[in-house]
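This report goes through a few parts of one structure in turn. The sequence and the model come first, and the notes follow.

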Amino acid sequence: MSTSPTQEILRQVFGYESFRGPQQAIVEHVLAGGDALVLMPTGGGKSLCYQVPAIARQRLGLGTSIVVSPLISLMHDQVGALHEAGVEAAYLNSSLDADEAMQVERRLLRGELTLLYAAPERLTTPRFLALLDTLDQRGQLALFAIDEAHCVSQWGHDFRPEYRLLTVLHERYAHVPRMALTATADALTRADIVERLQLEGAQHFISSFDRPNIRYTIVEKKDGLVQLLRFIEREHPQEAGIVYCQSRRRVEEVAQALCKAGLTALPYHAGLDSAIRQTHQNRFLREEGLVMVATIAFGMGIDRPDVRFVAHLDMPKNIEGYYQETGRAGRDGAPADAWMVYGLQDVINQRRMIDESPADESFKQAMRGKLEALLALAEATDCRRVRLLGYFGEQYQAPGAGEACGNCDNCLQPPGVRDATELARKLLSCIYRVQQASGLSFGAGHILDILRGKASDKVMQHGHMGLSTFGIAASHSESELRAVLRQLIALGAVAVDGQAFNTLHLTAGSRDVLKGGVQVNLRESVAAAGSGRARRRAPTASAAAAQLDAQAQIRFINLKAWRAEVASQHNLPAYLIFHDATLAAIAQSAPQSLDALSGISGLGAKKLQAYGAEVLRVVAC
Ligand code: ADP
Ligand code: ZN
């Protein structure tokens, strides 16, 4: 079988056996000089889509490829990784002083670079454009790759006005192929990218946004922190993960609690000093088994591939946020968890934030709709993946015969569904009676006490034992009633007044439920049954090492120790030297010669030459 030049590069430079998904089609198209729009989920392998054609075009004498990237830390790591693979690359951004920048410019003009990474604001300066002009006149501009292309769109959350200036690339260098890459899926952003970056003539490569290696689990919040600890200890001891919380204060509390429980955890939120944030981020990228507890301020540009879990201790605002945050797990394709606990309080908080925001009513209505969609995902009893992808307009294609994914909590342990409309009506009439009797409104705790027939001090004080709804739901548990209330809030049949101690009120929507127009369904709580369920894999120090026997485990540990040393010498995250999966494969096969070593995925020619002998030595001892 003959190999194409691009396959040869994939093998020789990156040490990978085959392209993934649409990579090959993209690479060939761009190599041939075509424009491309590439939409691929996080972890899909976007970098290779421009790195391979860049190397190929350089080898054809077509010069340097320019990569536009908004994130300094990412540029640094990407260039570091390319060096490790033996590719000449550099970056120009504000982290360089004038001298260093000048040196990069000289190398560029001498034709030494295969790839140059630049921030958009740098690229569009007259000085830089003059450099590009020079290269262009010599026929040495091989390709423009615009990474994180959604930054051009003001619909997205990462709008960067500098991206708008990139139209100059098309105007000045129309004959140089251009590709735009992003992991942001929605149609509005996509259309905006095409328009703003003038990619009307580009071929579109749109991947499925499914992340098959991520297992989605959403459970009811009881004692959230304890549930989280149990989850980490059981499923991901000593593995890297991110825990998202709603507020800064909560981030601090949770980070402390995890540390107290013996984990290595760091806080990250916008209230921390920027130097501290930077240190924590670097530690997260470089250390093993570190848990980052963070607000949504953390995550953009984090491309650590072996994040094994993303946990939400509080419910995010909408499915877009949930999908983006959970997407940071498992970029390496190995099994990873997206785990969330949610409860009534989350729904109340999110509703209140929307209600109290200064936005206009139509915007608030849209936000409420998005929150409801997320709540519906949380309360769903069918496949989470089908719903998640459906929300983004994609119809899930199951790999097997069935329609469901087999890798979410509902697929693995289908929950029962129950009609709870009757109970919902009791709850609504209780809110009504209380209001009618006392002319006052009360919060969830009090209403539930009355329903369950609990004679609390407050119930006694207000004489609410005498109400006809006192004790009418005595046979139901509090958590069941809370689940019903969550549904009612999500449906808009109960309103929570955030200005007045989160008191509950009936709404126009309450009638539909009371009159029988709307059915309220509840999932049977799997949380109660879930504590003893069998797990898919035994806890190990690393997913990649899960299958190793005892001898191989020891080799794996030794290899990791060696890698940590090399990484710190090179000031790079360990995974840029070798992935865990590569080390595990080496540990497993225990190669005794360079030849045997070269067959392992992730070992390109340069790494073999640089590290081969040492790796063999580590394996042998
Ligand atoms: P993205 O930018 O799309 O999130 P990356 O380009 O960072 O993804 O790639 C994710 C991971 O997958 C990286 O660690 C990369 O080395 C690996 N990868 C990409 N393509 C391949 C391939 N064809 N074979 C093996 N590993 C790959
Ligand atoms: Zn499923």
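## The zinc site

Donors are N, O and S atoms within 2.8 Å of the metal (3.2 Å for Na, K and Ca); water is not among the atoms, so sites may look incomplete. The donors of the zinc ion (ligand 2) are spaced C-x21-C-x2-C-x2-C along the chain. From the protein these are Cys383 (SG), Cys405 (SG), Cys408 (SG) and Cys411 (SG), at 2.3 to 2.4 Å from the ion.

The site of this zinc ion is tetrahedral, with angles of 101 to 119° among the four donor atoms; four donors count as tetrahedral if all angles lie between 85 and 135 degrees. The ideal angle for four tetrahedral donors is 109.5 degrees. Cys408 is buried, at a relative accessible area of 0%, while Cys411 is partly exposed at 22%. Buried means under 20% relative accessible area, exposed over 50%, and partly exposed in between (1.4 Å probe, protein chains only).

## Basis of the model

This is a predicted model, in which local features need pLDDT of at least 70 and side-chain atom pairs count only at pLDDT 80 or more, while totals for chains, interfaces and linings use all residues. Residues are numbered from 1 along each chain as its sequence is written, chains are lettered from A and ligands numbered from 1 in the order in which they are written, and side-chain values use heavy atoms, with hydrogens and water left out.

## Around ligand 1

Ligand 1 has 15 residues around it, and Tyr16, Gly43, Ser47, Arg331 and His579 come nearest; a residue counts here if one of its heavy atoms lies within 4 Å of the molecule.

For Gln23, the ligand atom is a nitrogen, at 3.0 Å.

## Helix α7

Helices (H or I, at least four residues) and strands (E, at least two) are DSSP runs, numbered from the N terminus. Helix α7 covers residues 126-137. Within α7, Phe128, Leu129, Leu131, Leu132 and Leu135 are buried. The buried residues fall within an arc of 155° seen down the axis, so they line one face of the helix; the arc is that of the directions from the helix axis to the C-beta atoms.

The face turned away from the buried side carries the exposed residues Pro126 and Gln137. After α7 comes Gly139, with a positive phi near 70°.

Notes
Expected span 1.5 Å × (residues − 1). Tetrahedral: all angles 85-135°; square planar, octahedral: opposite > 155°, others 65-115°. Polar contact = N/O pair within 3.5 Å; in protein donor to acceptor, adjacent residues only side chain to side chain.
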